[in-house]
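Subject: Structure handover

Hello,

Here is the structure I promised to pass on. Please have a look at it first; my notes follow below.

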Amino acid sequence: MGEQTERYAVVTGSNKGIGLEIVRQLASAGIKVVLTARDEKRDFVKSQFGKLDILVNNAGIGGVEIKDRDLFTSAIITNGQALSDDELRRTMTQPYESAKECLQINYRGAKRTFECLLPLLQLSDSPRVVNVSSALGKIECVSNEWAKGVFSDIDNLTEERIEEVLKKFIKDFEQGSIEKNGWPRYTAAYIVAKASMNAYTRIIAKKYPNLCINCVCPGYVKTDITANTGFFTAKEGAAHPVRLALLPNGSPSGLYYIRNELSSF
């Protein structure tokens, strides 16, 4: 390809798992890809390419320590409804520090990366942003009614409102009152972080109409985050973010997909 037609991508959290497969598939499509693992690469991208065409925010952690793989799978596919409180306690632990890190990486890290690379994306004639999310980030999984209301009120949704939810959640977590205050019974930080990412996707898609910005759940994939308990391979999971990254100009923005299927938030 001539220099003027070359396209450039940054994929975060891409040293293994879904991220590495996204890199491979984008590279196979002729995209020049910067593989990153929690490092901001704006200066490198700017000096090497001068613009950015694709950002895939893939970096993430589960925020839990999985103890029982079989029970964990049951919790995931039934949204926790199939397990008793005792079984959930035997399934995983949710340490406070891991919960904080989960919010920082899965949501705030993605937000900072987008803000950092936005000037380079705006230099592209076909900018694409793909936020790798989860079906657990659907609003219906956010059991705290106040937080659910914040995420559902799209007309009044702002980054500041998302931060209010995160601060309230982590305060309740620190005080040991997440169940008392109606937060999810399992993978709570992950659910809140991914719901926040979905909400942020809607905000920035509306704010930057010249960018194509969407989020996608790649499915229940066998990776470190799931203790390799998923149903799909990393290659199968990566295909869905890649599809969105390669959408043609004029494609819709601000949408949420579960694998190939358009879904409600």
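Start with Tyr200. Its relative accessibility is 4%, so Tyr200 counts as buried, the limit being under 20%. Keep in mind that this is a predicted model.

Which residue does Tyr200 pair with? The partner is Tyr107, and the two rings form an edge-to-face aromatic pair. Their centres are 5.9 Å apart, with 85 degrees between the planes. The pair links distant parts of the chain. Tyr107 sits in helix H5, Tyr200 in helix H8, and 93 residues separate them. Tyr107 is at 1% relative accessibility, so it counts as buried too.

Other aromatics

The whole structure holds nine aromatic pairs. Another of these is Tyr220 with Phe231. Their ring centres lie 5.0 Å apart and their planes meet at 80 degrees, so this pair is edge-to-face. Both residues are in the loop between S7 and helix H9 (234–245), eleven residues apart. Tyr220 has 11% relative accessibility and therefore counts as buried. There is also an aromatic cluster, made up of Tyr96, Phe169, Phe173 and Trp183.

H7 against H8

How do H7 and H8 pack? The angle is about 175 degrees, and the axes are 10 Å apart. An angle over 145 degrees counts as roughly antiparallel, so that is how H7 runs relative to H8. From H7, the contact uses Glu159, Ile162, Val165, Leu166 and Phe169. From H8 come Ala188, Ala189, Val192, Ser196, Ala199, Tyr200, Ile203 and Lys207. By class, that is ten nonpolar residues, one polar and two charged.

Ile162 deserves a look of its own. Leaving aside residues up to four places away in sequence, Ile162 touches Tyr107, Phe151, Leu157, Ser196, Ala199, Tyr200 and Ile203.

Cores

The largest nonpolar core has 63 residues. Which of them touch the most other members? They are Leu52, Leu55, Phe114, Phe151, Ile162, Phe169 and Leu211. At least two core residues each come from helix H3 (69–77), helix H5 (96–121), helix H6 (145–152), helix H7 (159–174), helix H8 (188–207) and strand S7 (212–217). H8 gives the largest share, twelve residues. A second core is separate and has 21 residues, including Val23, Cys212, Leu244 and Ala245.

Over to you.

Best wishes

Definitions and conventions: Residues numbered from 1 in each chain as written. Predicted model: local features only at pLDDT ≥ 70, side-chain atom pairs only at ≥ 80, totals over all residues. Heavy atoms only, no water. Core = buried A, V, L, I, M, F, W, Y, C linked by side-chain atoms within 4.5 Å. Buried < 20%, exposed > 50% of the residue type's maximum accessible area, 1.4 Å probe, protein only. Helix = DSSP H or I, 4+ residues; strand = E, 2+ residues; numbered from the N terminus. Contact = heavy atoms within 4.5 Å. Axes fitted to C-alpha atoms, helices over the stretch in contact; angles between N-to-C directions. Parallel < 35°, antiparallel > 145°, perpendicular 65-115°, else oblique. Nonpolar A, V, L, I, M, F, W, Y, C, P; charged D, E, K, R; others polar. Phe/Tyr/Trp six-rings, centres within 6.5 Å; stacked < 30°, edge-to-face > 60°.
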